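Trainee: I would like a close look at one part of this model. Please take me through it piece by piece.

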Amino acid sequence: MKLKEILACVDGKLVCGASHLEDEVQRGFASDLMSDVLTILEDDILLITGLSNNQAIRTAEMSDITNILLVRNKRPSQSMIDMANELNISLSYTSYSLFKTSGLLFAKGLEPVY
């Protein structure tokens, strides 16, 4: 799925990283535990999380993840936006829960990491 299709599916709003809207995202990983995210060795992943702080950005950078979707209507801080722009990572948010977001995307064909 392209990132723009993902955002349409979950009524998501892009905050930064418009250059990623055409990215092909193969798999999704939903977690608020960044230590779990660090174990992922896949490419083309969407990180779905409720963790709205700089740790999520740093973890995505270390895991080569370029697209982050925040859930539960969490909005990124300006510090997060600045860091994401610097690292070329897209940041989006949705009002849906982690469970609902993951379920909708899975139903539309986004594969799980495992």
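Which right-handed unit do S4, H4 and S5 make?

Mentor: This is a predicted model. In it, S4, H4 and S5 make a right-handed β-α-β unit.

Start with the strands. S4 and S5 run parallel and are joined by four bridges. Asn-67 stands opposite Ser-90 in S5. Strand S4 is covered on both faces. Asn-67 and Leu-69 are buried on one side, Ile-68 and Leu-70 on the other.

Now the helix. H4 spans residues 78-87, and its buried residues are Met-80, Ile-81, Met-83 and Ala-84. Viewed down the axis of H4, these fall within an arc of 165 degrees, so they line one face of the helix. The cover over them includes S1, helix H3 (54-62), S4 and strand S5 (90-93). The face of H4 turned away from the buried side carries Gln-78 and Glu-86, both exposed. After H4 comes Asn-88, with a positive phi near 60 degrees.

Next, the other neighbour of S4. S3 and S4 also run parallel, joined by four bridges. Thr-49 stands opposite Leu-70 in S4. Here the chain crosses from S3 through H3 to S4, and this β-α-β crossover is right-handed.

Step back to the sheet. Six strands form an open, mixed sheet in the order S1-S5-S4-S3-S2-S6. Its edges are strand S1 (13-16) and strand S6 (111-112), each pairing on one side only. Helix H5 (residues 98-107) packs on the sheet, touching S2, strand S3 (45-49), strand S4 (67-70) and S6. The direction of H5 makes about 155 degrees with that of S3. At the S6 end, strand S2 (residues 27-30) pairs with S6 in the parallel sense over two bridges. Gly-28 has Pro-112 as its bridge partner in S6.

One last residue ties back to the unit. Leu-3 lies in helix H1 (residues 3-9). Leu-3 has 2% relative accessibility, so it counts as buried. Beyond its neighbours within four places in sequence, Leu-3 contacts residues that include Asn-67 and Ser-90.

Technical notes. Residues numbered from 1 in each chain as written. Predicted model: local features only at pLDDT ≥ 70, side-chain atom pairs only at ≥ 80, totals over all residues. Heavy atoms only, no water. Buried < 20%, exposed > 50% of the residue type's maximum accessible area, 1.4 Å probe, protein only. Contact = heavy atoms within 4.5 Å. Pairing = 2+ DSSP bridges. Axes fitted to C-alpha atoms, helices over the stretch in contact; angles between N-to-C directions. Arc of directions from axis to C-beta. Right-handed = clockwise from strand over helix to strand, strands pointing away.
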